[in-house]
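User: Hi! I'm new to this one, could you walk me through it?
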Amino acid sequence: MKAKIRLDTLTDIKCFVEAVSSVAADVHLSDGQGLKVSGKSLLGAAYTMEWHDVYVECEFDIYSKIAKFVVND
């Protein structure tokens, strides 16, 4: 799955990392232009605050865990 998300605050980042840490597969955050970091890393997720767009990518459907962060364009 791939979804556009929003992580505006450090609290958002902490909650997101906690939500995806239990996922058995890799969870990545990407900017859609080639940059990619681990979604299970506080530092990696914090780095995304510099990006214009943030996407979460995972081989499993994790929508139920990240629904409050998903942006519906």
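User: Which residue in β3 is the bridge partner of H28?
Analyst: S38 is the partner of H28. A quick note on the model: it is predicted, so local features need pLDDT of at least 70 and side-chain atom pairs count only at pLDDT 80 or more, while totals for chains, interfaces and linings use all residues. Residues are numbered from 1 along each chain as its sequence is written, and side-chain values use heavy atoms, with hydrogens and water left out.
User: And what does L29 stand opposite in β3?
Analyst: V37 in β3 stands opposite L29. Over 3 bridges, β2 (residues 27–30) and β3 pair in the antiparallel sense. Strands here are DSSP E runs of at least two residues and helices are H or I runs of at least four, numbered from the N terminus. Two strands pair if DSSP finds at least two bridges between them.
User: Switching to helices: which residues of α1 are buried?
Analyst: In α1 (residues 10–20), the buried ones are I13, F16, V17 and V20; buried means under 20% relative accessible area, exposed over 50% and partly exposed in between, with a 1.4 Å probe and protein chains only.
User: Why are those on the same side of α1?
Analyst: Because they cover an arc of only 95° around the axis, taking the arc from the directions from the helix axis to the C-beta atoms. An α-helix has 3.6 residues a turn, so residues three or four places apart point the same way.
User: What does the face turned away carry?
Analyst: That face of α1 carries the exposed residues T11 and E18.
User: Which residues touch the most other members of the largest nonpolar core?
Analyst: I5, F16, L29, V56, I62 and I66 do, out of 21 residues in that core. A nonpolar core is a set of buried Ala, Val, Leu, Ile, Met, Phe, Trp, Tyr and Cys residues joined through side-chain atoms within 4.5 Å. The largest share of this core, 4 residues, comes from α1.
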